[in-house]
Amino acid sequence: MSSETKQILTTDGIPLEVSLKKAEKKNKIKAFLLVAPLLLFLFITYVFPIGEMFTRSVDDKMITNMLPKTFKAMEKWDGKELPPEEVFAGFYSDYKVLIENQTQGKLGQRLNKEKNGFNSITKKLMRQIKRNKIDESQSIKEQIMKVHKRWRDVEYWQAIKRTAPPYTMAKYLKGMDMYFAADGSIAQVDEDRRIHRILWLRTLEIALFVTIFCFLMGYPIAHLLATLPMKYSNLLMICVLLPFWTSLLVRTASWMILLQQQGVVNDFFVLIGLVADNNRPEMMYNKVGTYVAMTQILLPFMVLPLYSVMKTISPSLMRAGKSLGGTPFVAFWKVYFPLTIPGIGAGCLLVFILAIGYYITPALVGGASGTLISNQIAYHMKSTLDWSFASAMGLMLLSGVLVIYWIYNKLVGVDNIKLG
Amino acid sequence: MALPSYTETRYRIWHYFYVAICTFVFFFLIAPLFVIFPLSFNAEEFLVFSEGMKRLDPDAFSFRWYHEMVYGTKNPWGLAAKNSFIIAIFATIGSIILGTLAALGLSSRHMPYKGLIMAVLISPMIVPLIISGVAIFFFMAKVGLAATHTGIVLAHIILGTPFVVITVTATLSGFDHSVTRAASSLGSNPVNTFMKITLPLILPGVISGGLFAFVTSFDEVVVVLFLAGLENTTIPVQMWTGLREQLSPTILAVATCLIILSTLILVTAELLRRRSERLRGINR
């Protein structure tokens, strides 16, 4: 920068450059202050709580806090053979404190999850301690080992040692049907008990197929809406927008009525002779119901982005393609279709994101074979109360969604989302 | 969609096939809503068309379930409707205020990190509701707002603001900023300029965003299921319980009312959209 430009001064005698920078900064702060209330609100009530889900999902401090002396003594133990006297003594005094606080039951339950059979032997030990059967002047190791033969089994002590770290990834492994084996390595759950992997795959499968169905059904009507004269397309647009604005539960309810065994769809099939009256197919409480209802419910989210892209394509392009010798099919495939790809991307990603986290409709029409990962999260939140597992599963789902959201943002840009 | 007379037969066939597909899809979209109307007037207790209804026998139809919905003993719909409206109205007001302010800031060309901030503000719309529900529940439980109206209203503000942000930013994208500068140069203070100049111009966007926020709150069930106690039940929660437990035709009467409500909202939103496009000079 030359010295002459620096000498341009404003009327106050401040160099122009400084003055402009100041004004720019002031404007930036002004703009930011307008966004700040919402940003702050969202961070406190939404973004941080989602972050907290992470701490909750890896948190395993309960046992760490319950058995401080045991874990202190275990630091010196190599974990291969039965632990030395100090570990037994540490465990004994920790356990006595728990009995005094009447929280020993929680320890038994938690250890039982780590290794089956813990609940009964901790209870047995508790009874011995309550009856003052343990003589503290003698070897505590010998006395505890006499309480039950499992206390002599090194695997049970290894299980206690595994619970020592205050953080654990066990919930995430459980979400993928894996667990920490006795020696600390990662092992697969038996094949007949791999329920979560089935759920993940089913969620992906249903989201994928719903997206494909929505695309196949949405593309033609978006094209029709974009090419029809305004007065007709406005009328037809209502068919897309009315379901869009109607309560999700109302739409799900109508599908429950339509798809039931005595419902209208089955009546129609009987009428045209497709199925026998006494052999009506079950269309609800299975995957069919989930597919049909979710496709209808998510279809507007496909049609609207496609429509807004198609609306901008000039009809003369197709005419030009045809006049240059392309058949209508070639003109469509080489000219029109490539121009609609941004709309296809936007619509498909939006539908996929919404479908992958769907909860209400699968829960009502899905039955056992139509439930998705969201239903499993809700189940653990409400029924088993295993909130840390629900958090872990939620975050696994969220990370998948965020990847798609990131792609969507790169391809479409969030500020280009169109509504209505 | 008349075809020119010189169209070849195969394209003619293809064209009719295309029209047939479109007809089917439109039917698929809209028909499920209409099955609810006649069934809500069913005189019987079952959710299927009775023989009498198929013969259009007037005795097979009645207002029985509407009567049940309004005057039924121990029925939850009155409380649910009251709660739904209170929660939705407050959530809409909150979403409009926070969302409009944020949209004003985001539309300024001086705004730093625009893309990143926009992505955060829109995220409640993208993150699966079940995850939002879990996170919001943990927060509300910690601050002692679970099972209160305030907690649900705050949760619905979170879910509703993205819609307001999107619609208002869209309206502001065609906004001529010289009018606000003109107002300031004529001595108007920023608040006055906003109330007298900016707000009237962006009002269609604000209202249609507000409608989205209202519908989102009015229709939201996943988060409410986590947050609500018996006192805070809303219409969607009642419908959810009803659909899971006993499928009574009263639900269809409620559903019919909801469809009428959504039709009204759709008409308002459409009128506003057209007005806003006219104001922004988009002629189609």
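1. A word on terms before we start: a helix axis here is a line fitted to C-alpha atoms over the stretch in contact, and the angle between two axes runs from 0 to 180 degrees between N-to-C directions. Please keep in mind as you read that this is a predicted model.

2. With that in hand, have a look at chain B. Helix 8 (residues 149–172) and helix 10 (residues 190–219) of chain B pack with their axes 8 Å apart, at an angle of about 155°. Angles over 145 degrees count as roughly antiparallel, so helix 8 of chain B is roughly antiparallel to helix 10 of chain B. The crossing of these two helices of chain B is right-handed.

3. Which residues make the contact between those helices? On helix 8 of chain B they include B:His156, B:Gly160, B:Phe163 and B:Thr167, and on helix 10 of chain B they include B:Pro204, B:Gly205, B:Gly209, B:Gly210 and B:Phe212. By class, this contact of helix 8 with helix 10 of chain B has eleven nonpolar, ten polar and no charged residues.

4. Helix 12 (residues 230–245) of chain A and helix 1 (residues 9–34) of chain B have axes that come within 9 Å and cross at roughly 55°. That angle makes helix 12 of chain A oblique to helix 1 of chain B. The crossing of helix 12 of chain A and helix 1 of chain B is left-handed.

5. The side chains to click on here are A:Leu236, A:Cys239, A:Val240, A:Leu242 and A:Pro243 in helix 12 of chain A, which meet B:Phe26, B:Leu29, B:Ile30 and B:Leu33 in helix 1 of chain B. By class, the contact of helix 12 of chain A with helix 1 of chain B has nine nonpolar residues, with no polar and no charged ones.

6. Stepping back to the whole interface, 72 residues of chain A are in contact with 76 residues of chain B. Which element gives the largest share of the chain A side? That is helix 2 (residues 16–58) of chain A, with 18 residues. By class, the side of chain A that touches chain B has 53 nonpolar, 14 polar and five charged residues.

7. Chain A as a whole has 20 helices and two strands. Its radius of gyration is 32 Å, well over the 22 Å that the globule rule gives for 420 residues, so chain A is more spread out than a compact globule. The C-alpha trace of chain A spans about 100 × 95 × 40 Å along its principal axes. Of the 420 residues of chain A, 36% count as buried. Among contacts in chain A between residues at least 6 apart in sequence, 66% join residues at least 24 apart.

8. Two loop residues deserve a check of their backbone. Most residues other than glycine have a negative phi. A:Gln102, in the loop between helix 5 (85–101) and helix 6 of chain A, has a positive phi near 55°. B:Tyr113, in the loop between helix 5 (77–107) and helix 6 (114–126) of chain B, has a positive phi near 50°. Buried or exposed? A:Gln102 is exposed, with 8 other C-beta atoms within 10 Å, and B:Tyr113 is exposed, with 11.

9. Lastly, A:Gly117 sits in the loop between helix 6 (104–114) and helix 7 (118–130) of chain A. A:Gly117 is partly exposed, with 15 other C-beta atoms within 10 Å. From A:Gly117 to A:Arg150 is 33 residues in sequence and 8.3 Å in space, C-alpha to C-alpha.

Definitions and conventions:
Residues numbered from 1 in each chain as written. Chains lettered and ligands numbered in written order. Predicted model: local features only at pLDDT ≥ 70, side-chain atom pairs only at ≥ 80, totals over all residues. Contact = placed C-beta atoms within 7 Å. Helix = DSSP H or I, 4+ residues; strand = E, 2+ residues; numbered from the N terminus. Nonpolar A, V, L, I, M, F, W, Y, C, P; charged D, E, K, R; others polar. Buried ≥ 20, exposed ≤ 12 C-beta atoms within 10 Å, placed from the backbone. Rg over C-alpha atoms; globule rule 2.2 N^0.38 Å. Parallel < 35°, antiparallel > 145°, perpendicular 65-115°, else oblique. Left-handed = near helix turned anticlockwise from the far one by under 90°.
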